[in-house]
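Here is a short report for a first look at this chain. Begin with the sequence and the model below.

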Amino acid sequence: MAEDLNWAIGGEAGDGIDSTGKIFAQALSRAGRHVFTSKDFASRIRGGYTAYKIRTSVDEVQSVVDRLDILVALTQRTIDENVDEMHEGSAVIYDGERSWEAEIPGEITAVDVPLKSLAEEAGGAIMRNVVALGAACEITGFDVEYLDESLEKRFGGKGSKIVENNKEAARLGQEYVRENYDLDHLGYELETTDEDYVLLNGDEAIGMGAIAAGCRFYAGYPITPATNVMEYLTGRIEQYGGHVVQAEDELSAINMALGAARAGARSMTATSGPGIDLMTETFGLVATSETPLVIVDVMRSGPSTGMPTKQEQGDLNMLLYGGHGEIPRFVVAPTTIAECFWKTVEAFNYAEKYQTPVYVVADLALAVTEQTFPPETFDMDEVEIDRGKLVDQDGVDEWLDEKGRFRAHAVTDDGISPRAIPGTIDGAHMSTGLEHDELGRRTEDEDERVEQVDKRNRKVETASEREEWDYREFGDPDADRLVLSWGSNEGALVEALDLLEERDVTVRVLSVPYIFPRPDLTEEIEAAEDVIVVECNATGQFADLIERDALTRVKRVNKYTGVRFKADELADEIEEKLAAEVPA
């Protein structure tokens, strides 16, 4: 059998698919196993196919694959959707007492468990999914006791009786399979270790990074797939003196966040593509008023409403160029869930050091995927806070004009002006969305206009000189075939390298987390015979940037089905592109 196990549960929205999957993922994590999850869900509250898949191993896993070993099927569609990924050693757990009759290919082991009846025996039909978890534990040789802590965490707030009923439901599922089936031929035996892992998704990592960075105000409006950022912060940021506000819409959210930032708080908002559209006007005000603000865009399939619960990286051009006029900005795109934490910390530092809005760009694949990490991955002692040119009453004097007025938009060599928050003695000033002079007063003077525009743009030039806009490298550093990627594709690419190596195909992979400013890749591109850019959109927005920077054509691997890349799929795509001609 393969060293990793791929498990999934599927049914309709409203069937408790997500909570069931998370219970099992937490149990596997607590057993010292690595976990990588993926979700397929419809944009509706009830009905429509939804699934939760877990890949688990004692070794690190960073991607989904085209193989499914154990499937809990609550509907026939679940079987139909996943049958192509199943094999002779796969097993399907289903409830034969239900009204639908499962159609399962003969080479796949069918495990008929009366989920509803056993759940009722334990205390209620609602626990049928937990019965299925117990059955899965028996099939995979996984001790059902590892479920106990996850069940306590999930249902502890509902009282001890509910917790005990769920534990009983799991054991009834385990016992039923043990007494009625001999599945030794499947060969599953999940190894456990003493390792201790943290399990979290990208949205949670962004929220955790915001708190660690000192964010003390968050305003947002619920929108898939960014809502979990707000959910994570709610109840946590308050412990550090912060506040979460659910605004009436995205316009209100960014304006509230702007107000908090003007008051001196590290402030953030998060949304998805449609929300970024609405926030764009205020985005210009943030930049012109030189207010430090972090804006998170968790991308999904567009345009318009698009497919709210599906994967895509289609917002890049909007984030780089959106807004009327010319607006200096930073665009940072984490490439892993762990980087969602660290790049959020960096974003707050960039925002305050350069008094510029910063986009943190994630996508649905990062946002909803749960993955395990050693606790030291998020070492809070390594978090550094840099508030930039924040002046107090002792340093404000050098920034006063001849009349004693604070020059909040002073023209400087590096483009960065001093910043005084309300209450700073002699630091009183105004800022306006109109073009302004050094004091923040509106102006249409030609020389002052040019000075302020050049000053604001110089901040990006300064950052390009001072910061390390680097990339992450994998594969063979001497290979003459180069693969470039950004965002959530890194994990699948890293695992695709092993598959390519088995085919005697060596490549160098650069995963780029900084989009603007970004590293100069000209030397790396010129040294390569083949250059391939991998991204989840139709037009190749990042590839366009690479071609413009390096003045050369590249090959493109694009996916815009609404589903993330898989490692084996990417290996095939890269091998195919290497054999193709570069487009004219």
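Which residue in β13 is the bridge partner of V332? The partner is V360. This is a predicted model, in which local features need pLDDT of at least 70, side-chain atom pairs count only at pLDDT 80 or more, and totals for chains, interfaces and linings use all residues. Residues are numbered from 1 along each chain as its sequence is written, and side-chain values use heavy atoms, with hydrogens and water left out.

**The sheet**

Strands here are DSSP runs of E with at least two residues, and helices are runs of H or I with at least four, both numbered from the N terminus. Two strands pair if DSSP finds at least two bridges between them. Strand β12 (residues 330-332) and strand β13 (residues 357-363) run parallel and are joined by three bridges. Both belong to an open sheet of seven strands, ordered β9-β8-β10-β11-β13-β12-β18, with mixed pairing. At the edges stand β9 (243-246) and β18 (514-516). Each has a single partner strand, so one side of each lacks a neighbour in the sheet. From one strand to the next, the twist averages 20°.

Helix α10 (residues 273-288) packs on this sheet. The helix touches β10 (266-271), β11 (293-299) and β13. A contact means heavy atoms within 4.5 Å. The direction of α10 makes about 160° with that of β11. Axes are lines fitted to C-alpha atoms, for helices over the stretch in contact, and angles run from 0 to 180 degrees between N-to-C directions.

**Aromatic rings**

Rings of Phe, Tyr and Trp (its six-membered ring) pair if their centres lie within 6.5 Å; planes under 30 degrees apart count as stacked, over 60 as edge-to-face and the rest as tilted. The count comes to 13 aromatic pairs. Two of them are shown here.

| Pair | Centre to centre | Angle between planes | Type |
|---|---|---|---|
| F24 and F142 | 6.0 Å | 80° | edge-to-face |
| F341 and F378 | 5.3 Å | 75° | edge-to-face |

F24 lies in helix α1 (residues 17-30) and F142 in the loop between α4 (128-140) and α5 (146-155), so their pair ties together parts 118 residues apart in sequence. F341 lies in helix α12 (residues 337-354) and F378 in the loop between β14 (370-373) and α14 (446-466), so that pair ties together parts 37 residues apart in sequence. Buried means under 20% relative accessible area, exposed over 50%, and partly exposed in between (1.4 Å probe, protein chains only). Both F24 and F142 are buried, and so are both F341 and F378. Elsewhere, ring pairs link F330, Y350, Y354, W469 and Y514 into a cluster.

**Two residues**

D392 is in the loop between β14 and α14. It is partly exposed, at 45% relative accessibility. D392 and I425 are 33 residues apart in sequence and 7.7 Å apart in space, C-alpha to C-alpha.

Q452 sits in helix α14. It is buried, with a relative accessible area of 1%. Leaving out residues up to four places away in sequence, Q452 touches E290, H409, V411, E435, H436, D437 and E438.

**The whole chain**

The chain has 18 helices and 20 strands. Its C-alpha trace spans about 90 × 60 × 40 Å along its principal axes. Buried residues make up 59% of the 584 residues.
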